[in-house]
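Hi there,

Here is the structure I promised to pass on to you. Have a look at it first, and then read my notes below.

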Amino acid sequence: MTLNSIFQFLVPKDKKFYPLFEQATNKLILLSETLHEAINLPSKEREEYFKTVETIENDIENIVQNIRIELSKNFITPFDREDIHSLITAIDDVADFMNDAASRMRLYQVDKITKSIRKLTEVNVETCKQIGIAIYELKGMKNLDTISECCRVINKLEAKADKIFDKAVADLFENETDAKNIIKYKEVLSALEAASDKCKQVAKVLETITVKYS
């Protein structure tokens, strides 16, 4: 029996952190799906969806705060405290940037949704779902291979998002003559691409955890 398996045997089953992790990631998936649905609607119908995105992002912030409170109260945690903090911070950052994208679309009155925006929101939905699978598999630390595979897919999707972003910005500067449009579309694209980057950060933390427990 390895030291890790002995440790897992001795530590009581966690009933506080994992439910909160799962709540946060379920909300993250819902946020990404709501944003993707919003941009596929006519501009007049998006407002309620954007408000829902903001509400979900606030919900995630509250869950993250609850996890931080639990960290301060509990000596025993399911895995390293610094990894818990890094994980929830990265998840919170993903939600923040997707909410930023929605906010910028509202603020700048972005009526026409480009293919690149649609592609980036779609990639973020797929990535958030992979995060959800990986977080679920953290419980018990039994399916580390599944977590590693999720991280591989997340990294691949993030690379895809980078390519979409780079091409979109290049096309924007080449074809758009209105400086205001260049600014507002680049701001939206940047927020969506940043959300993808933060998904990669989630994967990095998950990879660190799997190495420690493998």
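The notes below go through charged side chains and how they pair.

Please keep in mind that this is a predicted model. Searching the whole structure turns up 14 salt bridges. Three of these pairs are described here.

Let me begin with Lys-129 and Glu-33, whose side chains meet in a salt bridge at 3.8 Å, N to O. Lys-129 belongs to helix α5 and Glu-33 to helix α2 (residues 17–39), so this pair ties together parts that are 96 residues apart in sequence. Lys-129 is partly exposed, at 40% relative accessibility, and Glu-33 is partly exposed with 28%.

Next comes Glu-47 with Arg-106, where the closest N and O atoms of the salt bridge are 2.6 Å apart. Here helix α3 (residues 47–73) holds Glu-47 and helix α4 (residues 81–107) holds Arg-106, so the link joins parts 59 residues apart in sequence. Glu-54 also comes in, as Glu-47, Glu-54 and Arg-106 are linked in a network of salt bridges.

Then there is Glu-158, which forms a salt bridge with Lys-200, with 3.8 Å between the closest N and O atoms. Glu-158 lies in helix α6 and Lys-200 in helix α7 (residues 179–213), so the pair ties together parts 42 residues apart in sequence. Is Glu-158 buried or exposed? At 4% relative accessibility, Glu-158 counts as buried, while Lys-200 is partly exposed at 36%.

Helices α5 (115–138) and α6 (144–175) each supply at least two of its residues. Lys-160 sits in helix α6 and is partly exposed, at 43% relative accessibility.

Enjoy exploring!

Best wishes

Terms used. Residues are numbered from 1 along each chain as its sequence is written. This is a predicted model: local features need pLDDT of at least 70, side-chain atom pairs count only at pLDDT 80 or more; totals for chains, interfaces and linings use all residues. Side-chain values use heavy atoms; hydrogens and water are left out. Helices (H or I, at least four residues) and strands (E, at least two) are DSSP runs, numbered from the N terminus. Buried means under 20% relative accessible area, exposed over 50%, partly exposed in between (1.4 Å probe, protein chains only). A salt bridge is a side-chain nitrogen of Lys or Arg within 4 Å of a carboxyl oxygen of Asp or Glu.
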